[in-house]
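Keep the sequence and the 3D view open side by side as you read.

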Amino acid sequence: MMLFSEARGLPVLTLTEAEEVGALRSLTVDAVSGVVTHVRVRGRHSRRETVLAWGALHAIGPDAVLVRTTAEPAEVPPHHELPGLRILTETGDTLGAVQDVAFEPETGRIEAVVTAHGDLPADRLLGLGDYALVVRAA
């Protein structure tokens with residue numbers, strides 16, 4: 001298991017040339033399926049952001065991210081930054097804000113959303129947008 005906060009800032013390198021592409025800036029999540037779908041990489045020498053599909057990754061380790069290709073996908077889903085985002089239940093109650101997200105680095109599967117009140121398991125995720133992360137009420 002790895003936290004989004006641990007992945008942020010890791011150097012992103014190509015697998016075969018060990019060329020540095022940039023640093024991992026953020027992860028894009030599909031809340032309905034509960035997986036990380038894309039990674040966003042900020043260029044090392046430029047502010048340009050590259051979006052890579054999760055399938056382009058070879059591995060995410062504690063010290064680096066290795067990618068098979070730097071080709072950007074044809075379609076890029078909307079990105080919503082999870083840390084700091086409000087959490088609402090399906091009944092309209094506020095559960096605080098997302099502090100971090102635990103995910104499985106081999107598969108991209110979300111394990112839990114970390115909050116000040118405890119972890120929310122990924123099977124409670126219902127939707128994600130600019131305003132909030134919506135979860136099933138307990």
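Which strand gives the most to the lining of the largest cavity? Strand 3 (residues 20-30) does, with four residues. Strands here are DSSP runs of E of at least two residues, numbered from the N terminus.

Before going further, a word on the ground rules. This is a predicted model, where local features need pLDDT of at least 70 and side-chain atom pairs count only at pLDDT 80 or more, while totals for chains, interfaces and linings use all residues. Residues are numbered from 1 along each chain as its sequence is written, and side-chain values use heavy atoms, with hydrogens and water left out.

**The cavity**

A cavity is a set of points on a 1 Å grid over the protein atoms alone where a 1.4 Å probe fits but cannot get out, and lining residues have an atom within 4 Å of a point. Grid points are joined across faces, edges and corners, and the volume is the space filled by probe spheres set on the points. The count comes to one cavity of 30 Å³ or more, and the volume of the largest cavity is about 30 Å³. Around the largest cavity you will find F4, R8, L24, R25, S26, L27 and E81. That lining divides into three nonpolar, one polar and three charged residues.

Six strands make up an open sheet in the order 5-4-3-2-7-6, with mixed pairing. Its edge strands are strand 5 (49-53) and strand 6 (57-60), each of which pairs on one side only. From one strand to the next, the twist averages 35 degrees; axes are lines fitted to C-alpha atoms, and angles run from 0 to 180 degrees between N-to-C directions. Two strands count as paired if DSSP finds at least two bridges between them.

Within this sheet, strand 2 (residues 11-14) and strand 7 (residues 65-67) run parallel and are joined by three bridges. T14 has V67 of strand 7 as its bridge partner.

Buried means under 20% relative accessible area, exposed over 50%, and partly exposed in between, with a 1.4 Å probe and protein chains only. The side chain of H38 also makes a polar contact with the side chain of T37, at 2.9 Å. A polar contact is a pair of N or O atoms within 3.5 Å; within protein, one must be able to donate a hydrogen and the other to accept it, and residues adjacent in sequence count only if both atoms are side-chain atoms.

Two loops are worth a look too. A18 lies in the loop between strand 2 and strand 3, and its phi is near 55 degrees, a positive value in a residue other than glycine. A18 is exposed, with a relative accessible area of 56%. S46 sits in the loop between strand 4 and strand 5 and is partly exposed, at a relative accessible area of 38%.

| Strands | Direction | Bridges |
|---|---|---|
| Strand 8 (residues 86-89) and strand 9 (residues 94-97) | antiparallel | two bridges |
| Strand 8 and strand 14 (residues 132-135) | parallel | four bridges |
| Strand 13 (residues 125-128) and strand 14 | antiparallel | three bridges |

R86 stands opposite A97 in strand 9, and I87 stands opposite L133 in strand 14. L133 is also the bridge partner of L128, while L125 has V135 in strand 14 as its bridge partner.

The hairpin of strand 8 and strand 9 has four residues between the strands, and G92 there takes a positive phi near 90 degrees. Strand 13 and strand 14 are joined by a hairpin through three residues. Finally, S46 and G92 are 46 residues apart in sequence and 42 Å apart in space, C-alpha to C-alpha.

Definitions and conventions:
1 Å grid on protein atoms, 1.4 Å probe; cavity = no way out; pocket = protein on both sides within 12 Å on 5 of 7 lines; lining within 4 Å. Nonpolar A, V, L, I, M, F, W, Y, C, P; charged D, E, K, R; others polar.
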